[in-house]
Amino acid sequence: MAEEPKNGDAVGSGVGGREAEEEQVVNPWEVTAKDGGKIDYDKLIEKFGCQRLEEPLVRRVERLTGRPAHVFLRRGVFFAHRDFNEILDVYERGEKFYLYTGRGPSSEALHFGHLVPFMFTKYLQDAFKVPLVIQLTDDEKCMWKNLTVEESKRLARENAKDIIACGFDITRTFIFSDFNYVGGAFYENMVKVAKCVTFNKVVGIFGFTNEDHIGKISFPPVQAVPSFPSSFPHLFSGKDNLRCLIPCAIDQDPYFRMTRDVAPRIGYQKPALIESSFFPALQGETGKMSASDPNSAIYVTDSSKDIKNKVNRYAFSGGQDSIENHRKYGANLEVDIPVKYLGFFLEDDAELDHIRKEYGAGRMLTGEVKKRLIEVLSELVERHQRARASVTDEMVDAFMAVRPLPHMFS
Ligand code: TRP
């Protein structure tokens, strides 16, 4: 039984699979544009059945929180949602909600694409003053990346340090790893969800095949149930109707389409979502960055020298091939990676406008734009590295302790 069409969740529409070879593929494990081109986000919204995040909603966030919207919201990095307006209704009535996001710990070092949802979640936590649960799916990566249990658990703790370095408020944040936390009420919810989802359904949503092991096939409930407050009795006991908002990249949508389909059938509220586009690779905007190519991304462990080299050597430029042509035709901003990256991380709207105008008209050269980007990224990375260096093992334990958060709503 799929949801009512008015809710827009296209469950089981077969988008996870490779139904037609030439179609773009976007699921939690694969992001491939059609014919090696760009991801068509309009098409994704239509296929997934989510809603576009329009300007009035951004204005409403500013009104309700009394602060300017985050750059990622202002500039459309978070571009789609499901029922985000209902979360704002709740908030406007003076009630609260909670945030849920996560990370699959598949690598030691995070790149900027990994940081995007966490930077945004930190803003949401500060702006709305709400509790946050962060799931580290060490079990997921153990199954998909062929890591040992021990290695996945180690990576989860290492990644937790980078996440904590984003500045989350310990009085409102619970970080957990699946290997450590799954059980009790959380597991009860997993079983309730699992009973509602047929094999056919997950094949339709995720594109699993008969050859996939049953670990993969049975995983989706693990990522689903943090959407339900009753999975966290130490936090939300007696608050079964508390709404949940999930900030994530849009490749995670299949999990939550499934979750939203099941929720009303087991008497729970559907989680709301706010979804981002993908952070482009240095080589150009054709999908997500590839963990297997270290030169396709800037890592938070990179030195200023690494950043300089990578930007200068690999960042795809929309500038013309000769200075003469560049002065004449200007840069193609649509494909220019330095400008795209500045759009994520240069907070000053006026400066960004100026760069776009001057570079687009050919009065500014690629080298100048790259130089500015190198400054911006280096500063960000240095700040992150300082913050991470001060995260101790005791702090990780403190964030991950199963404990009540008495001041999480104040
Ligand atoms: N599956 C996600 C990943 O591989 C991790 C994750 C778990 C997540 N729960 C989430 C991401 C909720 C966003 C929101 O990175």
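A: The turns that follow go from salt bridges to one strand and its neighbours. This is a predicted model, in which local features need pLDDT of at least 70 and side-chain atom pairs count only at pLDDT 80 or more, while totals for chains, interfaces and linings use all residues. Residues are numbered from 1 along each chain as its sequence is written, and side-chain values use heavy atoms, with hydrogens and water left out.

Q: What is a salt bridge, and how many does the structure hold?
A: A salt bridge is a side-chain nitrogen of Lys or Arg within 4 Å of a carboxyl oxygen of Asp or Glu. The structure holds 35 of them. In one, Arg 59 is joined to Glu 55, with the closest N and O atoms 2.0 Å apart. Because these two residues lie four residues apart in helix H2 (residues 55-65), about one helical turn separates Arg 59 and Glu 55. Helices (H or I, at least four residues) and strands (E, at least two) are DSSP runs, numbered from the N terminus.

Q: Which parts of the chain does the pair of Arg 243 and Glu 86 link?
A: Arg 243 forms a salt bridge with Glu 86, where the closest N and O atoms are 2.9 Å apart. This pair links distant parts of the chain, since Arg 243 is in strand E8 (residues 243-249) and Glu 86 is in helix H4 (residues 84-92), 157 residues apart.

Q: Is Arg 243 buried or exposed?
A: Buried means under 20% relative accessible area, exposed means over 50%, and partly exposed lies in between (1.4 Å probe, protein chains only). Arg 243 is buried, at 10%, whereas Glu 86, at 30% relative accessibility, counts as partly exposed.

Q: Why is E8 largely enclosed by the rest of the structure?
A: In a regular strand the side chains alternate between the two faces of the sheet. Seven of the seven residues of E8 are buried, and therefore the strand is largely enclosed. On one side are Arg 243, Leu 245, Pro 247 and Ala 249, and on the other Cys 244, Ile 246 and Cys 248, so that both faces are covered.

Q: Which strands pair with E8?
A: Two strands pair if DSSP finds at least two bridges between them. Strand E5 (residues 97-103) pairs with E8 in the parallel sense over three bridges, and Leu 245 in E8 is the bridge partner of Leu 99. Strand E9 (residues 272-276) also pairs with E8 in the parallel sense, over five bridges, and Ile 274 in E9 is the bridge partner of Pro 247.
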